[in-house]
Structures are given as C-alpha cells and as structure tokens.
Amino acid sequence: MRETRFLRRRPALVAATATALLLVTAAAAQTSASAAAAGCQVNYTVSSSWQGGFGANVTITNLGDAVNGWRLTWSYPAGQTVTQLWNGSYTQAGAQVTVTNASYNAAIPTNGAASFGFNGAWTGSNPAPTSFSLNGTTCTGGVDPTTGPPPSTPPPSTPPPTTPPPTTPPPGTSQPCDIYAAGGTACIAAHSTTRALYAAYNGSLYQVRRSSDNSTRNIGVLSPGGRANAASQDSFCANTSCVITVIFDQSGRGNNLGYQGAGGVGGAVQPAVANKESLTVGGDKVYSLYIPGKSSYWRDGHLTGVPTGAAPEGMYMVTSGTHVNSGCCFDYGNSETTRRADGAGAMDAIYFGTSCWFGGCSGSGPWVQADLEYGLYPGGSSSWNSNQRAFTSKFVTATLKNNGTSRFAIKGSNAQSGSLYTLYDGALPRGYSPMKKQGAIILGSGGDCCIDNTNQSVGTFYEGAMVAGYPSDATENAVQANITAAGYR
C-alpha cells in the first residue's frame, strides 16, 4: 500500500484454493487384553491444496471400548507422501503411512476422538485413502462385541462415554499452529524470530548475514517446539554486524519471507539489523525483527497454499505498541503478487500503527486495522469505528479473519495477559465483496512497496501465522492463551 496522497490502486488476480472433504468410515479391533468391542470412524479431510502439495486433517472417533495408545495406518493410492505432521508422529514406507499418537492424545474413550493434521506432497492426482486400520486391525465399518463386557461399560480408568475429549491438545504440548490445525484451519505460513509455532518444529526460524564476509547462518530452536537459539546468532555475529535476510516458513509449504532489496527478493529496501532488539520468551533470550523503516519482507505464495480470490483466511501476529508510526503501512498478511496497488480487495492483511487513513479517528493509537487495499479499515466502513481502542503495551496480539464474501473480524489484546478484544465483527466494506486476494505475503510494509520505492513504516514483529479457512473464536482464544503463556518479557 503506497503512501501517495493516501490513495491506493490495484486489479484482481487469482483462483480460490481448492478444498476437498473426504469421509471414510471404518471399524477396527482393539489389541489390549481387556478389549471386548472395537470400532471406529475416520474423518479424512483435505483442508487445502496447492500445486504439488496439500494439507489434511484426520479425526479418529472410537466407537468401541476405550483404547490407550493407538496406531493408524493407511496406504496412498497415487504415490502421495506425508511431509510434516502435528499431534502425533509418522513413518512412511512406500505407499503405507503409519501415524502414532502423541502423549496427550493416546487415550480415546468410547465415543471419544483424537485428531491430527499433516502436510503432504502429490504428483498427478490426490485421491483419498479408501481404508484405514487401527492398532493393526483392518477397519470394517461396524462394532464387533464378540467377547467381554459391552462397549457401554468402559474400563474404570477411562472417562465415561459422555465425557468429550478436548478439542485441542493441552496448552503445554501445543503451539499456535497446532491449535489452528485442531480447529480445522491449518497454518499455510508460520513465521517467527522468537520461537517455534508447532510443538514438533525443530527447523530454522530465520537466517542472518554478517557484514565481515557476507556469510550466512540459519538460526534454529533450542529444542523441538522451543525458543530461538540466540546464542548461535551472538557467536556468529560477534565483532561484526548482522542483518536478517530470511524468515523461514515453519508450515512446510516453503513460504519463506525474503527482504525486498538487492540480494533478497529484489527491490529498494534493506534487510533489518539482526540484534536491534533482544527480549526473553519463557526466560530465554531471543531477538525480534525490528523494522526501522526502509526494511520489508515478501513472498509470492499463490502457488504454495496462500488463499487467493474469495477463499477464506485468518491470521495473527505479535507486535509491539511501543515502536510504531503513521507511515504506510506496517502489515502482515495477504498481499499482491505484483507488488502494485491493484484495487479494492487485492489485499487482506493486519495493519498495526497510528495511521488514521480516512480521518475522524479518536485518540492517537496505535490501532489494529485491516489493510484491504485502497484503505486501512478500522471497521466495516471508512467512518471511524467507535469500538476501536489503542494498544500501547510492549507486546500486542493482533488478529484478522475474512470469509472472502461477506464478513471479517478484527481483534487485539495485550500479548502478556488477558483475552482478545473484538474491535469489529461484521460485513465487509462496500466494494470488497467478493475479495480478490492475490496470494503473496507481506511483512513490515504495504502491498505496493518496495520494487521502486522505500518503506515508510516502522514496527516490530515477533511471530505470526496465516491459515486457510475462517478460524473460530474459540480457536483464536486458544491461540491468545498460548501466546500469553509463552512468557514474552
């Protein structure tokens, strides 16, 4: 979003991400000696698909006696492969996939359920598996009460059938993208310089480049699901200066953000200094992505899962209320692949700062608003939204979700404590239905930066993610609870 007399311009582009829902019902025998009846139903859902890849969610409903420890197997009919899985662990040998429970979802009571999600790769076609096996027994679609007590009498050590399982893993064993996946809205991009956004993530968070010899180092986590290894950055950058060149995508889709300048993705700005701001998360030292202006990051993700057109999506970021300005525009979210202002609805991104785009604002901010291209919206119109409030705390959570045709919602909160505050939840502004998202990802600037101009905004980014689908309020609340429990200080 270029600041040219505060006007935006831009046309549409792109097709909606395909979503397939495949239901497979089955029954399986329990292998424990006390098992008297066995049966299950498997809900296999393709939640998003892109060229060469897909995301899926699987729910196992136990129709028989309670199980404590499970193993689900299936075979892919067209050579698909699992590339990343959460809420469990997996192995794959040829076409056969085996998924084993995590510690927190091992027990499934009668009529209870366990779920997991994963990313996969495909070539040619992506048909769903036609059968599943639970704990080594082929599913048959019914309950088999051949021995022992009836299914309605679970072992004393398990919850009664009327006790539903948790809809998400316990907070201590899940991270934001695990929570989104459990809610049916899997992350399609996950970025952070401070911590892993999946409980099982053990890869790189970001890359630094030092000025002394232009060599680079990827900065990972201290442990799976843990905080960034700041000591690795400190040792690599000792006695010289470093910049952040890439923020890696933890979702497995390859939506890595590169800086918009020479040597990056191309453009007129520079990478941000790597050690401008240190902080602690959970007691561990980490670094932020500190944008002082004239820095910005971008990725064309329209072929790697980022929602396009009128497809629904949601997103969040943790930022700071103490490092802001009114320059256009400190954004995180969906932006133009052209890096030009292509028209109303070509963007769908969180904005955080003190810009009062349409005038008439109350107070001085900073505010969480929606950058939908051709305007920063505080609510459903160009008029000031009286429900808006400023967030001036050191750490701020900001969320945005948009169903692409009729509704969007903006929320914010202190990232150290408290629940999300709904700033707006209602109709899209006039002229923005349907949305015309292009599927790029922007971080730190507006949509029409920075091919031949420089970024005017300042801000701080700690973590954020984008999801396919329209997240529920319960899911967003669970993500906020995870953020406050992370211990930003």
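Q: Is tryptophan 357 buried or exposed?
A: Tryptophan 357 counts as buried, at 10% relative accessibility. Buried means under 20% relative accessible area, exposed over 50%, and partly exposed in between, with a 1.4 Å probe and protein chains only.

Q: What kind of model is this?
A: This is a predicted model: local features need pLDDT of at least 70, side-chain atom pairs count only at pLDDT 80 or more, and totals for chains, interfaces and linings use all residues. Residues are numbered from 1 along each chain as its sequence is written, and side-chain values use heavy atoms, with hydrogens and water left out.

Q: OK, and where is tryptophan 357 found?
A: In the loop between E25 and strand E26 (367-371). Strands (E, at least two residues) and helices (H or I, at least four) are DSSP runs, numbered from the N terminus. The C-alpha atoms of tryptophan 357 and serine 382 are separated by 8.4 Å. Those two residues are 25 apart along the chain.

Q: Which peptide bond is cis at proline 366?
A: The one from glycine 365 to proline 366, with omega near 5°. Proline 366 also lies in the loop between E25 and E26. The bond from cysteine 328 to cysteine 329 is cis too, with omega near -15°. Cysteine 329 sits in the loop between E23 and E24.

Q: What about phi of glutamate 373?
A: Near 70°, a positive value in a residue other than glycine. Most residues other than glycine have a negative phi. Glutamate 373 lies in the loop between E26 and strand E27 (376-377). At 0% relative accessibility, glutamate 373 counts as buried.

Q: And asparagine 214, buried or exposed?
A: Asparagine 214 is exposed, with a relative accessible area of 55%. Its phi is positive, about 60°, and it sits in the turn of the E14-E15 hairpin. Five residues lie between the two strands.

Q: How do E14 and E15 pair?
A: In the antiparallel sense, over five bridges. Pairing requires that DSSP finds at least two bridges between the strands. E14 covers residues 204-210 and E15 covers 216-220. Tyrosine 206 stands opposite isoleucine 219 in E15.

Q: Switching topic. How many salt bridges in the whole structure?
A: A search finds 11. A salt bridge here is a side-chain nitrogen of Lys or Arg within 4 Å of a carboxyl oxygen of Asp or Glu.

Q: Which residue forms a salt bridge with lysine 411?
A: Aspartate 473, with the closest N and O atoms 2.8 Å apart. Aspartate 473 lies in helix H3 and lysine 411 in strand E29, so the pair ties together parts that are 62 residues apart in sequence. Salt bridges that share partners join Lys401, Lys411, Asp473 and Glu476 into one network. Lysine 411 is buried at 3% relative accessibility, while aspartate 473 is partly exposed at 36%.

Q: Why does the span of helix H3 agree?
A: H3 has 14 residues (473-486), so at 1.5 Å a residue it should span 20 Å, and its end C-alpha atoms are 20 Å apart. The expected span is 1.5 Å times one less than the number of residues.

Q: Which residues are buried in H3?
A: Thr475, Glu476, Val479, Gln480, Asn482, Ile483, Thr484 and Ala486. What covers them includes helix H1 (176-182), strand E28 (396-402) and strand E29 (407-414). Contact there means heavy atoms within 4.5 Å.

Q: What follows H3?
A: Glycine 487, with a positive phi near 85°.
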